[in-house]
Amino acid sequence: MKFQVCSLVMIGLVAGCGTKQTTSTESATAGESTKPATGTVEQPQEKPEPVIATAPAQQPVAQPVAKIAPQTQFEPTTQPKTKSPEKIVKTDAEWRAILSPEEYRILRQKGTERAFTGKYDHHFKEGTYTCKGCGTALFDSTTKYNSGCGWPAFFKAKENTIAETIDRSYGMIRTEITCKKCDGHLGHVFDDGPNPTGVRYCVNSASMGFIPAADEKQAKPAPKPNK
Ligand SMILES: [Zn+2]
């Protein structure tokens, strides 16, 4: 008898310990099924259409089927073959902060400096002409020549640095040249250049910077160690 009581107590204890407080967080609405829509609108009984004795069946006229043009594939087919340099995008205020008023007028507002006034018009030192806006190397001094047009002229630009756009301003059709990297206006390109290219890049001096060849060499690591 005593053993039985003990057993019962034990069972009770075990049961008490082992039972976890089940947190009943089951959603009360979980079991609820969505009620079927009650107010089903009854479709009005369609009246049978009166059969009209029409004229004898006409010859089936070929319905003018609207020709559906094949879906145009909007694939980026105009992607340049060569990867363009990453664009530099600045606000007007940022450009004004780093450019002189004249540089800003020409580079950002497509202005033109007066002929024969630019500092590189008669500048024939050895080096590299860069974009004044972003520093991209645009022309090598070996491609510069005296065109006599009043602006610095080059017969060749460095590869993949310059974009060309048709410019119809001032009643002329010209080809505007801009820096591919910062979209800065540089000038125009004409097809009256010398050999070997036959083109003339006519560039505003204010659009460019210049790195003398001596400085370029200094910037590079010395090719030969001293002794
Ligand atoms: Zn640039």
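Modeller: The average pLDDT of the chain (the predictor's confidence in each residue, from 0 to 100) is 76, and 60% of the residues score at least 70. This is a predicted model, in which local features need pLDDT of at least 70, side-chain atom pairs count only at pLDDT 80 or more, and totals for chains, interfaces and linings use all residues. Residues are numbered from 1 along each chain as its sequence is written.

Over residues 1–44, pLDDT stays under 50, and the model has 0 contacts there beyond four places in sequence; a contact means that two C-beta atoms, placed from the backbone, lie within 7 Å. Residues 50–57 also stay under 50, again with 0 contacts beyond four places in sequence. Where pLDDT is low, the predicted coordinates should not be read in detail.

The chain has 4 helices and 9 strands, taken from DSSP runs (helices: H or I, at least four residues; strands: E, at least two) and numbered from the N terminus. Along the sequence their pattern is α-α-α-β-β-β-β-β-β-β-β-β-α.

The part to look at is Ser-207, in the loop between strand 8 (200–203) and strand 9 (208–212). Ser-207 counts as buried because it has 30 C-beta neighbours inside 10 Å; the cut-off for buried is 20 or more other C-beta atoms within 10 Å, with C-beta atoms placed from the backbone. Of the 227 residues of the chain, 19% are buried.

Leaving out residues up to four places away in sequence, Ser-207 touches Ile-106, Leu-107, Cys-131, Lys-132, Gly-184, His-185, Leu-186 and Gly-187. Ile-106 is 101 residues from Ser-207 in sequence, yet their C-alpha atoms are 6.7 Å apart.

Definitions and conventions
A residue is buried if 20 or more other C-beta atoms lie within 10 Å of its own, exposed if 12 or fewer, and partly exposed in between; C-beta atoms are placed from the backbone.
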